[in-house]
Amino acid sequence: MSNAYKPAHQKLSFVTAHDGVRIAVARMGKGPTILKAGNWLSHATHDEESPIWRHWLQELSRDHQFIRYDLRGCGLSDRDVEDISFDAWLFDLEAVADAIDGPVTLLGLSQGCALSIAFALRHPEKVERLILVGSYAQGMLARSDTPNARLEADTLANLVQLGWGKEVPAFNQVFTHLFVPSGTPEQHSWWRRLERESASPEIALRTLEVLHKIDVLADAAKLDVPTLIFHANDDARIPFDEGRKLAAVIAGAQFVALDTSNHILLENEPAWEVFLKTLRAFLPETKTLRSVRATYHLTNAEEDVVALVAKGMGNHEIANVLGKSEKTVRNQITVALDKVGVRSRSELIVKLLSDG
């Protein structure tokens, strides 16, 4: 995929945290809001191109306004910051949420789960439901401050100091595989690129030190919000039992085990489809292109293409976003035109908007 490609439908802005730090915010799509709490390794201008993240963005912005932001010290947010702490991250999430009208579905991935839990307890009026993926309430040293746990934490910290964003085999073989062990060489390459571009080694190390000490287990036990928890059964980054522990303490939480070893779900694995199916059932129905798919019997692949046509993208852009050839995109648009009963892209857009 071309690194120069920047999909036109993302809107970037900034909010200012309580201590003056500027936080980069990205908005995509229309509809009810899904807000993703900040998590390690993101970059607002590169995520749409990434074979690690682009399918997340495509799917979550399909029927919703999907809002995400870069942690302080990372991505497009201010890099030179004094305060890297859980409380500072929570203040940043509050600043982002304050700029959103109405309550949201709050999505947490990895450390973002702990932020989501803390935020939902403090601001229940702002959170309609929680979705937690690869979650933990207690960091490595909070759940087990033993010599072995300290050794593991120190080892990860040393790896960050020695190899963050570099082509260092020891680092790449351990750290990258903690997140996407079954990734392709391209995906592993993108992950290393994300390391280099998302944060400096110093910020990465300070972030890791905070992650190890997170503890929101008591907060989780006080929550009263519909919650859906996903966890990979072979997750090497966060033990499977941490997801089960959260599901046990959050009243009424639904727990879904995913058959994968990837901490970040990849597009072509069966676990991604399980995630999407369960997610769609958990979220309220929206009046969008999904109802159009049912009406005109579009396949998932055809709906993906049609959704981007409706956003004004050309075949080349659609092919880049979906990782398809232009010929495949052209053929799927032709089939969709026939199913919907129109003759042109413009007629298709009008039909979709009027029916959706």
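1. Strand pair β6/β7. In this predicted model, β6 and strand β7 (residues 227-232) pair in the parallel sense. Four bridges link the two strands.

2. Strand pair β5/β6. On this side, strand β5 (residues 104-109) runs parallel to strand β6 (residues 127-133). Six bridges join β5 to β6. Thr105 has Arg129 of β6 as its bridge partner. For Leu109, the bridge partner in β6 is Val133.

3. Burial of β6. Six of the seven residues of β6 are buried. The strand is therefore largely enclosed by the rest of the structure.

4. β5, β6 and β7 belong to an open sheet of eight strands. The order is β1-β2-β4-β3-β5-β6-β7-β8, and the pairing is mixed. Note that β4 stands between β2 and β3 in this order. The edges are β1 (11-16) and β8 (254-258). Each edge strand has a single partner, so one side of each is left without a neighbour in the sheet. On average, neighbouring strands are turned by 20 degrees against each other, direction ignored.

5. Helices on the sheet. Two helices can be described here. Helix α2 (residues 86-98) packs on the sheet and touches β1, β2 (22-28), β3 (33-36), β4 (65-69) and β5. The direction of α2 makes about 145 degrees with that of β4. Helix α3 (residues 111-122) also packs on the sheet, where its contacts are with β4, β5 and β6. The direction of α3 makes about 145 degrees with that of β5.

6. Helix pair α13/α15. How do the axes of α13 and α15 cross? Helix α13 (residues 300-310) and helix α15 (residues 326-340) have axes that come within 9 Å and cross at roughly 90 degrees. Angles of 65 to 115 degrees count as roughly perpendicular. The two helices, α13 and α15, are therefore roughly perpendicular to each other.

7. Residues at the α13/α15 contact. From α13, the contact uses Ala301, Glu302, Val305, Val306 and Val309. From α15, Val329, Gln332, Ile333, Val335, Ala336 and Lys339 take part. By class, the residues of this contact divide into eight nonpolar, one polar and two charged.

How values were computed
Residues are numbered from 1 along each chain as its sequence is written. This is a predicted model: local features need pLDDT of at least 70, side-chain atom pairs count only at pLDDT 80 or more; totals for chains, interfaces and linings use all residues. Side-chain values use heavy atoms; hydrogens and water are left out. Axes are lines fitted to C-alpha atoms, for helices over the stretch in contact, and angles run from 0 to 180 degrees between N-to-C directions. Angles under 35 degrees count as roughly parallel, over 145 as roughly antiparallel, 65 to 115 as roughly perpendicular and the rest as oblique. Contact means heavy atoms within 4.5 Å. Ala, Val, Leu, Ile, Met, Phe, Trp, Tyr, Cys and Pro count as nonpolar, Asp, Glu, Lys and Arg as charged, and the others, Gly among them, as polar. Two strands pair if DSSP finds at least two bridges between them. Buried means under 20% relative accessible area, exposed over 50%, partly exposed in between (1.4 Å probe, protein chains only).
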